[in-house]
Amino acid sequence: MSLVAPSHRPTLREELAGLPGRWRWLAIAVLAAVAVAAVFLLARGTTEDGTRIVVEEPIAFNLRYPDGMARVPDDEALLHLQRPGKDDFIVEPLELPAYSGDVGGVLPVVASREVEELKQRFPGFELVEEGKVRINRAAGYSIVFRASRSPREYGRLVLLPEPVPGARTGVKLLLLATPAGGAGKARDVGTRGAVKTPYRSFRFGTEGP
């Protein structure tokens, strides 16, 4: 008994069966090549752009960064990516004080200390907004700011503890961008331009998505 409705006949198998032997095998080869090409395009479409980098010590993390960004030497950072005159993506170590309860309760306190340090680091610092943020599975705290009015530069500092109960360590993600880097305003940092790729792809551990 056939499971194919009459309205859906003839089937591909029936069509191929009606071809001479040589043409039947040629048609099968063409269909196979099309199927392989479709799988390749699907896999390519789901692969994130850019170069993947893995840092294993002192804290393991991985991310991707786009063409045009390059790793630059920085003794104070775990990782420093840059496009000169356009943007920077810097990963620095984070250490939290002893606390009880959820880590979300201590992050605003730590953020107030970080704001004071940002004022020393960037004399033109102006706070734009701050609040909770989540990057993939890690919950953190974001500080968005204007670093300088002349030349125009904007920034985002994210405090990101490791996503484990009672975490005392993690990373600070410092993103800096100018209008040439795609940031027309402070809130654009991390949502537009080249720094969006490492920011959105950041994950703790050595395994990517």
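**Figure 1. Contacts and overall make-up of the predicted protein chain.** Among contacts (heavy atoms within 4.5 Å) in the protein chain between residues at least 6 apart in sequence, 49% join residues at least 24 apart. This is a predicted model, in which local features need pLDDT of at least 70 and side-chain atom pairs count only at pLDDT 80 or more, whereas totals for chains, interfaces and linings use all residues. Residues are numbered from 1 along each chain as its sequence is written, and side-chain values use heavy atoms, with hydrogens and water left out. The protein chain has four helices and 10 strands, which are DSSP runs numbered from the N terminus (helices H or I, at least four residues; strands E, at least two). From the N terminus on, these elements follow the order α-α-β-β-β-β-β-α-β-β-β-β-α-β. Of the 209 residues in the protein chain, 37% are buried, where buried means under 20% relative accessible area with a 1.4 Å probe, counting protein chains only. The accessible surface, from the Shrake-Rupley method with a 1.4 Å probe, comes to about 12,500 Å², and 55% of it belongs to carbon and sulfur atoms.

**Figure 2. Strand β7 and its pairing with β6.** Strand β7 spans residues 138-149, and because 10 of its 12 residues are buried, the strand is largely enclosed by the rest of the structure. Strand β6 (residues 126-135) pairs with β7 in the antiparallel sense over nine bridges, pairing being assigned if DSSP finds at least two bridges between two strands. Leu127 stands opposite Phe145 in β7. The hairpin of β6 and β7 has two residues between the strands, and in this hairpin Asn136 takes a positive phi near 55 degrees.

**Figure 3. The hairpin of β7 and β8.** Strand β8 (residues 152-161) runs antiparallel to β7 and is joined to it by eight bridges. Between β7 and β8 lie two residues, and the two strands form a hairpin. Arg149 has Arg152, in β8, as its bridge partner.

**Figure 4. The surroundings of Ser142.** Ser142 is found in strand β7 and is buried, with a relative accessible area of 6%. A polar contact of 3.0 Å joins the side chains of Ser142 and Arg156; such a contact is a pair of N or O atoms within 3.5 Å, and within protein one must be able to donate a hydrogen and the other to accept it, while residues adjacent in sequence count only if both atoms are side-chain atoms. Leaving aside its neighbours within four places in sequence, Ser142 is in contact with Glu129, Glu130, Gly131 and Val133, as well as with Arg156, Leu157 and Val158.

How values were computed. Buried < 20%, exposed > 50% of the residue type's maximum accessible area, 1.4 Å probe, protein only.
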